[in-house]
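Here are my notes on this entry. Please read them alongside the model.

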Amino acid sequence: MTATAALHKFELKKPATGFGKSVADELAPLYDRMTNHKIVQVMESGKATKKLIHGLAKEFLPVIRGTYRRMALRMQHIPPHDCDLQAALLTELQEEIWHTPMYYKWCRAVGMSLPRDFTNGPYVPETYAFVMFLSLSSSDRSALEESCGRIIDDEFFDTPQEYSQVGSLLQTVSATGLALYGFPPASDRLGDAFVKNYGLSKDEAEWWYEHGSVDMEHAKLGLDIIDRYATTPFLQRRAKEAAWLSLELWLRQWDAIYAKYGN
Ligand SMILES: [Fe+2]
């Protein structure tokens with residue numbers, strides 16, 4: 001028996017709707033803010049202090065080391081019969097296994113002492129907010145609909161709330177996938193900055209290149225899922241809201257990092 005006999009090609013079967021592009025267009029200013037964040041500019045200029053580099057490394061760690069767990073938890077929101085979608089998200093999950101050790105490799109290369117430099121005091125509140133939002137959106141099926149639905153939807157202001165599995169899927173993919181759309185260009189620039197200005201090898205900066213433009217495929221998958229599965233105004237509102245909130249929280253975390261550790 002040959003090994004190729006059992007190969008199956010997975011592809012999402014639901015038809016494309018064009019909604020994904022409208023979300024990406026609307027979020028473009030936020031992607032742009034992330035790509036050109038002050039942290040990226042200062043690293044590129046070579047003027048970042050050790051305090052800023054270590055501050056970024058520390059504050060970003062809870063986001064990084066939670067990713068594998070979040071990606072594992074979000075599998076629960078996929079309708080059980082949809083094996084193509086399961087396969088697509090499982091591929092992302094298995095790639096993520098290596099990323100936390102890769103991140104530690106970069107932290108050591110910039111002179112951090114592990115774990116002491118991660119455990120030497122509290123994190124900025126924005127780190128807790130961002131991480132809690134990401135974790136909740138992937139683990140708790142109703143958390144986002146409960147917290148946001150009651151705020152922005154007239155019909156749910158003081159009435160029973162509707163939950164749906166597809167709604168949860170869209171929110172977790174939006175929260176943990178679309179936010180990545182503005183990040184890959186920033187990650188490429190940061191990787192180059194560490195090599196050019198701070199004496200790292202490409203291997204030591206691997207985490208940043210791994211999440212650079214080569215990672216765009218993942219952002220595209222997130223957008224493709226939103227595009228195909230958000231087929232009603234209710235679901236589209238959920239998807240857009242989660243993507244927007246995730247980006248805002250990410251940007252505010254980076255703003256807070258710069259405010260605390262910046263030059
Ligand atoms: Fe990763």
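**Notes on the predicted model**

1. Setting aside neighbours within four places in sequence, Ser 213 contacts Pro 184, Pro 185 and Asp 188. The model is a predicted one.

2. Ser 213 sits in the loop between helix 10 (206-210) and helix 11. Phe 183 is 30 residues away from Ser 213 along the chain, and their C-alpha atoms are 8.8 Å apart.

3. Is Ser 213 buried or exposed? Ser 213 has 12 C-beta neighbours inside 10 Å, so it counts as exposed. The cut-off for exposed is 12 or fewer.

4. Next, the helix that follows this loop. Helix 11 (residues 216-229) meets helix 1 (residues 19-35): their axes come within 7 Å and cross at roughly 125°. Helix 1 and helix 11 are therefore oblique to each other.

5. Which residues make the contact between helix 1 and helix 11? Helix 1 supplies Phe 19, Gly 20, Val 23 and Ala 24. Helix 11 supplies Leu 223, Asp 224, Ile 226 and Asp 227. By class, the residues of this contact are 5 nonpolar, 1 polar and 2 charged.

6. Now the chain as a whole. The protein chain has 12 helices and 0 strands. Its pattern along the sequence is α-α-α-α-α-α-α-α-α-α-α-α.

7. Of the 263 residues in the protein chain, 36% are buried. Take the contacts between residues at least 6 apart in sequence: 84% of these join residues at least 24 apart.

Key: Residues numbered from 1 in each chain as written. Predicted model: local features only at pLDDT ≥ 70, side-chain atom pairs only at ≥ 80, totals over all residues. Axes fitted to C-alpha atoms, helices over the stretch in contact; angles between N-to-C directions. Helix = DSSP H or I, 4+ residues; strand = E, 2+ residues; numbered from the N terminus. Parallel < 35°, antiparallel > 145°, perpendicular 65-115°, else oblique. Contact = placed C-beta atoms within 7 Å. Nonpolar A, V, L, I, M, F, W, Y, C, P; charged D, E, K, R; others polar. Buried ≥ 20, exposed ≤ 12 C-beta atoms within 10 Å, placed from the backbone.
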